[in-house]
Amino acid sequence: GTALVGGGVEDWLRDAYYQHSSYSIYDSGFSNPVDLSGVTNPAPEAVYQSTLLSPSGVGNGFSYTLPVPDGDYVVRLHFADTATAAGQRVFDILLQDVVVYDNYDIYADAGGRYVATTQSFNVTAANGNGIFLELRNETSTNARLSAIEIMAANPNGTADPRVNLDVSV
């Protein structure tokens, strides 16, 4: 499944799973063209142009509890930044309360402003708790996220598949 921050585009769904708290997170966006050339299987441009921003300030952020069945998944996060230089927007990415990317900088990763990039992580959902994702500011500038893509590691697959094949010429 997929979840889009901002609004539905093609098969990308409107965001529905972020956690409300005592502070507000908010939708933001931009209309500048986005360079998608560095992303394999990118989301539509409009997905990168819509963004969820955390409150500003070190330590602030936002989180999601994604209701998926127990199992192994790949979580792919989609980003495009409006920052004008590396180091302006730096945040931690946590999955299941564990830091999976310390001091992530979208601008530095993408190589510029309005350039799409993704980060993918393996994660296990267990005990009926789904997947807990959190972005937490390391600088005063807001953490931002355009989309969350969740893929089952081996959907409906069979471990160690084998076949007996007889061939006759």
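Me: How many helices and strands are there in the protein chain?

Reply: This is a predicted model, and its protein chain holds two helices and 11 strands. Read along the sequence, they follow the pattern β-β-α-β-β-β-β-β-α-β-β-β-β.

Me: What share of the residues in the protein chain is buried?

Reply: Of the 169 residues, 44% are buried. As for the surface, the chain exposes about 8800 Å², and carbon and sulfur atoms supply 47% of that area.

Me: What part of the contacts with a separation of 6 or more comes from residues 24 or more positions apart?

Reply: Such residues account for 74% of those contacts in the protein chain.

Me: Let's turn to the rings. How many aromatic pairs does the structure hold?

Reply: There are six aromatic pairs. One of them joins Phe-62 and Tyr-64.

Me: Why is the pair of Phe-62 and Tyr-64 called edge-to-face?

Reply: Two values are needed here, because a pair of aromatic rings is described by the distance of the centres and the angle of the planes. The centres of Phe-62 and Tyr-64 are 6.1 Å apart, and the limit for a pair is 6.5 Å. Their planes stand at 80°, and an angle over 60 degrees counts as edge-to-face. The pair is therefore edge-to-face. Both Phe-62 and Tyr-64 are buried.

Me: And what makes the pair of Phe-79 and Phe-91 tilted?

Reply: Their centres are 6.0 Å apart, with 50° between the planes. Planes under 30 degrees apart would be stacked and those over 60 edge-to-face, while the rest are tilted. An angle of 50° belongs to that remaining group, and the pair is tilted.

Me: Why can we say that Phe-79 and Phe-91 tie parts of the chain together?

Reply: Phe-79 lies in strand E5 (residues 71–79) and Phe-91 in strand E6 (residues 91–95), so their pair ties together parts that are 12 residues apart in sequence. Phe-79 and Phe-91 are both buried. They also form one aromatic cluster with Tyr-101 and Tyr-104.

Me: Why is Phe-30 called buried?

Reply: The relative accessible area of Phe-30 is 13%. Buried means under 20%, so Phe-30 is buried. Phe-30 sits in the loop between strand E2 (26–29) and helix H1 (45–49).

Me: Which residues does Phe-30 touch, not counting those up to four places away in sequence?

Reply: Phe-30 touches Tyr-48, Gln-49, Thr-51, Ala-80, Thr-82, Tyr-114 and Arg-144. Take Gln-49: Phe-30 and Gln-49 are 19 residues apart in sequence, yet 5.3 Å apart in space, C-alpha to C-alpha.

Me: What about Asn-127: buried or exposed?

Reply: With a relative accessible area of 69%, Asn-127 is exposed. Asn-127 lies in the loop between strand E8 (117–125) and strand E9 (131–137). Its phi is positive, about 60°, although Asn-127 is not a glycine.

Me: How many salt bridges are there?

Reply: The count comes to three salt bridges. Among them is the one that Arg-76 forms with Glu-149.

Me: What makes Arg-76 and Glu-149 a salt bridge?

Reply: Their closest N and O atoms are 3.2 Å apart, and the limit is 4 Å. Arg-76 lies in strand E5 and Glu-149 in strand E11 (residues 147–152), so this pair ties together parts that are 73 residues apart in sequence. Both Arg-76 and Glu-149 are buried.

Me: Which side chain meets Arg-89 in a salt bridge?

Reply: That is Asp-81, at 2.7 Å from N to O. Arg-89 and Asp-81 are both buried.

Me: Glu-134 and Arg-136 meet in a salt bridge too. Why is Arg-136 called partly exposed?

Reply: Arg-136 has 29% relative accessibility. Glu-134, at 16%, counts as buried. The two side chains are 3.1 Å apart, N to O.

How values were computed. Residues numbered from 1 in each chain as written. Predicted model: local features only at pLDDT ≥ 70, side-chain atom pairs only at ≥ 80, totals over all residues. Heavy atoms only, no water. Buried < 20%, exposed > 50% of the residue type's maximum accessible area, 1.4 Å probe, protein only. Helix = DSSP H or I, 4+ residues; strand = E, 2+ residues; numbered from the N terminus. Contact = heavy atoms within 4.5 Å. Areas by Shrake-Rupley, 256 points an atom, 1.4 Å probe, with all protein chains shown as cover.
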